[in-house]
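Here are my notes on the model you sent over.

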Amino acid sequence: MADKVLMKGNEALAEAAIQAGCRHYFGYPITPQTEVAAYMAKRMPKIGGCFLQAESEIAAINMVYGVASAGKRVMTSSSSPGISLKEEGISYLAGADLPAFIVNVQRGGPGLGGIQPSQSDYFQSTRGGGHGDYHIIVLAPSSVQEMADLTVKGFDLADEYRMPAMVLADGTMGQMMEPVTMGSYQPKTVEKPWAVTGTRMQRPHNIVNSLYLNPEELERTNFERYARYAVIEQKEAMYEAFLMDDADICVTAFGIASRVSRNAVLAARAEGIKVGMLRPITLWPFPKAPFAEAADRVSAFISVELSMGQMIEDVELATRCKRPVYLCNRTGGMIPSPEQVLAKIKEIAGGLK
Amino acid sequence: MNDSLTHRRVTLFAGHYGSGKTNIAVNWALALRKTGAPVTIVDLDIVNPYFRTKDSKQELDTAGVELISSPYANSNVDFPALPQEIYGAVERRDRLAVLDIGGDDRGALALGRYAPYILEENDFEMLFVANCFRPLTRTPQEAFEVLREIEAAGGIPFTGIVNNSNLGNDTTADDILAAQDYAAALCALSGLPLRLSTVKETLIPQLTGRVPSLFPLRLQAKYYE
């Protein structure tokens with residue numbers, strides 16, 4: 001299947017997971033990510049995989065823990081309220097150093113919120129999400145093709161660094177249809193000598209656990225884990241720079257907000273305003289370097305978000321508040337229009353003159 | 001193209017989810033309206049919470065096409081409700097009706113409620129929309145499977161095939177031409193005639209005379225393109 005097909009983001013993600021070697025999916029339906037489960041329900045039985053609709057989100061994430069312990073590629077998917085339910089299990093996965101792939105197709109919040117698209121789980125996902133000192137890798141696709149590509153990447157990174165990886169999408173990204181090319185993926189094979197697969201009386205027992213009876217040992221484990229996180233921050237940050245070479249204003253946005261912003265940047269360029277865009281592709285690790293570098297050249301940043309302003313804090317941290325960072329946002333399931341973003345760009349550009 | 005526009009009183013579009021039913025139904029209703037006839041379009045989708053007939057409300061209003069849609073479509077209420085006015089559209093025989101059915105057999109379940117009225121009047125076309133570039137209907141056999149499932153769920157037999165094979169905005173004339181065999185095979189499998197070949201309007205000049213029963217589609221502009 002190397003040729004082009006027309007897919008919804010949710011379907012592309014599900015198919016890519018299968019192509020990444022995932023044969024275990026555990027989930028619980030919730031709008032707007034239900035197509036992931038629907039696709040898996042149709043495909044998994046045909047390829048000898050396991051699709052299981054759990055009795056709850058909490059059950060699903062603990063099934064993920066089980067399969068991850070056995071060293072197999074495994075995933076679950078949900079949307080904002082369901083991810084909150086899964087956070088306890090995600091903390092346990094992180095505490096047990098287990099690779100797993102998690103999808104959050106965000107909807108408006110807080111609480112039950114609504115079913116329309118949102119990016120307001122940025123804090124939750126980039127700060128770990130559950131209790132304790134930990135991070136997960138967070139990938140933010142901005143096209144259906146990236147929904148697929150970053151899924152394969154997510155499985156690879158999770159295995160390589162023995163930690164959960166998440167695709168943080170939003171309702172529009174999950175529902176929109178675009179042509180996508182698949183079939184040339186070469187997923188990494190990572191040895192998992194720690195997996196609980198039976199000793200065959202030939203090796204000592206492996207133990208997968210997140211409970212430490214000795215605080216010194218827990219502290220040491222946390223230090224070791226953060227040393228690994230430092231490597232990830234060094235090596236794995238991904239971003240796209242768009243028209244940044246001569247930019248005086250830097251728009252920053254991820255996911256669907258970056259699609260809208262791209263149009264606004266082009267419209268502003270057509271009016272002679274020197275504006276570019278930095279689009280983080282990994283939200284954790286946040287691509288700090290290009291922002292720090294841009295802060296030396298541009299006069300201002302505009303963070304475009306489908307939230308009350310969450311990524312804006314990482315922009316301020318990465319730039320050490322060298323330049324003002326303005327917010328252009330909608331929330332609660334609403335999406336900024338290209339016109340709204342353009343107006344903000346003009347407002348800031350006008351103030352600079 | 002005028003040939004394609006011959007019609008019965010009720011036109012129903014059903015198919016795999018994401019096959020393009022809503023877009024075709026809107027374009028079809030607008031084309032019928034241009035002939036001067038009173039037209040009602042009904043959104044019978046109880047499955048998909050995003051991308052609904054209601055997205056075209058302004059255009060339909062302007063053209064004078066009556067839209068009957070769930071009051072909850074495009075809202076935060078994830079509620080598979082169908083408004084009572086749908087009975088009116090099915091029973092008012094002085095108006096043309098275009099029904100946009102939800103995806104797959106699950107979506108077609110809602111049709112079962114209205115099927116007896118439509119069958120009794122017996123002035124309908126039930127069209128199966130297929131796109132060979134969609135992952136779960138890539139082969140004629142797979143599409144035929146979905147067709148049978150929808151018939152079983154909706155209670156109305158299909159009368160024709162709509163070949164809507166496309167890759168969205170990236171579709172080329174070659175893609176359309178390459179999909180001809182697929183459509184022919186699906187027609188052979190189902191014993192149904194090819195009713196329409198739906199193509200985005202910009203490709204019509206390249207395909208006129210090369211593809212049967214061409215029907216031009218205007219695609220909805222999206223804020224992220």
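1. Start with A:Tyr25: its bridge partner in S3(A) is A:Phe51. The two strands involved, S2 (residues 24-27) and S3 of chain A, run parallel and are joined by 4 bridges. For the labels, helices (H or I, at least four residues) and strands (E, at least two) are DSSP runs, numbered from the N terminus; two strands pair if DSSP finds at least two bridges between them.

2. A word on conventions. This is a predicted model, where local features need pLDDT of at least 70 and side-chain atom pairs count only at pLDDT 80 or more, while totals for chains, interfaces and linings use all residues. Residues are numbered from 1 along each chain as its sequence is written, and chains are lettered from A and ligands numbered from 1 in the order in which they are written.

3. Back to the sheet. S2(A) and S3(A) belong to an open, mixed sheet of 7 strands in the order S3-S2-S4-S5-S7-S6-S12. Its edges are S3 (50-53) and S12 (282-284) of chain A, each pairing on one side only. From one strand to the next, the twist averages 20 degrees. H1(A) packs on this sheet, touching S4 (74-78), S5 (100-106) and S7 (164-170) of chain A, and its direction makes about 175 degrees with that of S5(A). Axes here are lines fitted to C-alpha atoms, for helices over the stretch in contact, and angles run from 0 to 180 degrees between N-to-C directions. H3 (residues 57-69) of chain A lies across S2, S3, S4 and S5 of chain A, at about 165 degrees to S4(A).

4. What does H1(A) pack against at an angle of about 25 degrees? That is H6 (residues 144-161) of chain A, with the axes 8 Å apart. The pair therefore counts as roughly parallel (angles under 35 degrees; over 145 is roughly antiparallel, 65 to 115 roughly perpendicular and the rest oblique). On the H1(A) side the residues include A:Gly9, A:Ala12 and A:Leu13, and on the H6(A) side A:Val144, A:Met147 and A:Ala148 are among them. Taken together, the residues of this contact are 8 nonpolar, 3 polar and 1 charged. For the classes, Ala, Val, Leu, Ile, Met, Phe, Trp, Tyr, Cys and Pro count as nonpolar, Asp, Glu, Lys and Arg as charged, and the others, Gly among them, as polar.

5. H1(A) also meets H2 (residues 34-43) of chain A. Their axes come within 8 Å and cross at roughly 45 degrees, so H1(A) and H2(A) are oblique to each other. Among the residues involved are A:Asn10, A:Glu11 and A:Ile18 in H1(A), and A:Glu35, A:Tyr39 and A:Arg43 in H2(A). By class, the contact of H1(A) with H2(A) has 6 nonpolar, 1 polar and 4 charged residues.

6. Now the other sheet. Five strands are listed for it, an open sheet of 5 strands with mixed pairing and the order S9-S11-S10-S13-S14 (chain A). S9 (239-242) and S14 (325-329) of chain A are its edge strands. S10 (residues 249-252) and S13 (residues 300-305) of chain A pair in the parallel sense over 4 bridges, with A:Cys250 opposite A:Phe301 in S13(A). H9(A) packs on this sheet, touching S9, S10, S11 (275-280) and S13 of chain A, at about 165 degrees to S11(A). H11 (residues 311-318) of chain A touches S10, S13 and S14 of chain A, and its direction makes about 155 degrees with that of S13(A).

7. On domains, chain A is divided into domain 1 (4-235) and domain 2 (240-352); the bounds come from an automatic or database domain assignment. Their centres, taken over C-alpha atoms, are separated by 28 Å. The contact takes 27 residues from domain 1 and 22 residues from domain 2 of chain A, where two residues are in contact if their C-beta atoms, placed from the backbone, lie within 7 Å. H5(A) gives the most to the domain 1 side, with 4 residues.

8. Finally, the chain interface: 25 residues of chain A are in contact with 17 residues of chain B. The largest share of the chain A side, 5 residues, comes from S1(A). That side divides into 11 nonpolar, 7 polar and 7 charged residues.
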